[in-house]
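Reader: I would like to learn how to read a model of this kind, one feature at a time. Please show the chain, and then take my questions.

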Amino acid sequence: FDEGNVENASVITITATDQDIGTNAALSYFVSPNSYLAIDETTGEVLALQTLNFDQPDFDQSLSVVITAVDAGTPVQRSSTTELTVIVQDINDNAPTFNTTYNFTVFENQPSDTLVDTVLAVDIDSGANSQLSYTVEGTDADRFKVQPDGRVLTDTMLNREQRESYTFILRARDNGSPRLDGTTTLHITVLDKNDNSPQFIRAGDEIQMNETLAVSQVVSANQAEASDADTAQFGTVFYRITDSTSTFDINNSTGAILLKKTVDFDAGETVFTVDVTASDSPTPGAGVRSTSKTFTIRIIDNQDNFPVITNLPGSAIIAETNLNNFFTVQFTDGDSSAQFRTSTFAIVEDSLEAPNGFVINPTSGAVRFSSDTGDGLWTNTTLGIQVCNTIGTSCSTIQDLFIDLNRRPELSPTYDFSFHENTGPDVLVGQLTASDLNCEDALLNC
């Protein structure tokens, strides 16, 4: 008799026979006292007193009662008994149930069939109706499988960097007919292993630095920056310079390259190489993963030197007949780049009060008088000369050039002398006189 039949459902009809006739053969049926079964006195039909539940705790699935058939004979009623055993059969009337949701963890990079954890569903039916199978449903559900005993296993090698957690519908299905199922939520978090090395983010390996950068300043804030696909302590990147350079340093936690000592482009310090190692631990050791990269640091020349006039202070004595380019100013410049060594010359102090004076070629540094005749030229003239870079405002100190004019002696315009013929040798004919203005100049010896 299947469980689940409603109250008064017919279980079986008991039939007895009596060879008498008439009222002596009229039969009535009775059942021994019990809680589950009754009998129709006239027909012998056994009925259920209540809905039978096979799965009810302490329910006896085998119900035994005594059926008595009694005739209506007189003066003596005769009876007969038989034992009726009703076997209550289970039907699949209960679905599997979970009593919780599940949150499991598993390390990445484990082989297939690695045990994650165990789940459990309960089906209070019996036999095949309580035999369960499990499935997971959702995106990437094929990466896991659940055994009939509830063991959750990996079905492939997991990579946390590709996906760090999974949420599935976990379904338990019985083997009854029809099959019933129950569900819960299964969440699996993939734990990290140190299986990734830091990687430098930027492809370039060249850094430019101005030679005037101050010590301890940042050369490059992020060119050496690296990232690690792992998490937590495995994904924290630490930096160090692994070559023997004493010129540069690096921030251990940010990867910013710093200047450790000054550099001088003009002293030949134009290119440096720096080997940077990015690791997932501040100290090298077993299990530490690291990546190295060589960076080229190119120094940019700056206008950090002043021009220096090399042949002044000094003096020049010029002939009145040669007033053009009688002196050339020479200089040196410590900068290496041609653009910073291109300079212009200028007279910044001129003692002449006359409107005409000296000029200097701004490119060559050749000094000349502004008038070809020398008109207005005075002696003992001092010029202040300066050289400045054409880019920026870098100028030399002002140097003095003292100029003295070597003038021609002045003779009287004409002389008339007379003497007698036949005058002998060494006889005075006349006296010539001339004056030399240079004698007023202390530089000349008259």
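Reader: What is the mean pLDDT of the chain?

Author: This is a predicted model, in which local features need pLDDT of at least 70 and side-chain atom pairs count only at pLDDT 80 or more, while totals for chains, interfaces and linings use all residues. Residues are numbered from 1 along each chain as its sequence is written, and side-chain values use heavy atoms, with hydrogens and water left out. pLDDT is the predictor's confidence in each residue, from 0 to 100. Here the chain has a mean of 86, and 90% of its residues reach 70 or more. Over residues 441–446 the value is below 50, yet this stretch has eleven contacts in the model beyond near neighbours in sequence. A contact means heavy atoms within 4.5 Å. Where pLDDT is low, the predicted coordinates should not be read in detail.

Reader: How many helices and strands are in the chain?

Author: Both are DSSP runs numbered from the N terminus: helices are H or I with at least four residues, strands E with at least two. The chain has two helices and 33 strands. Among its contacts between residues at least 6 apart in sequence, 65% join residues at least 24 apart.

Reader: Does G44 count as buried or exposed, and why?

Author: Buried means under 20% relative accessible area, exposed over 50%, and partly exposed in between (1.4 Å probe, protein chains only). G44 counts as buried because its relative accessibility is 0%. G44 sits in the loop between strand 3 (37–39) and strand 4 (45–48). Neighbours within four places in sequence aside, G44 touches I12, T13, I14, Y29 and I39. T13 is 31 residues away from G44 in sequence, with the two C-alpha atoms 5.3 Å apart. Over the chain, buried residues make up 35% of the 446 residues.

Reader: What is the phi of N109?

Author: N109 is not a glycine, but its phi is positive, about 65°. N109 lies in the loop between strand 7 (102–107) and strand 8 (115–118). D113, found in the loop between strand 7 and strand 8, has a positive phi near 70° and is likewise not a glycine. At 45% relative accessibility, D113 counts as partly exposed.
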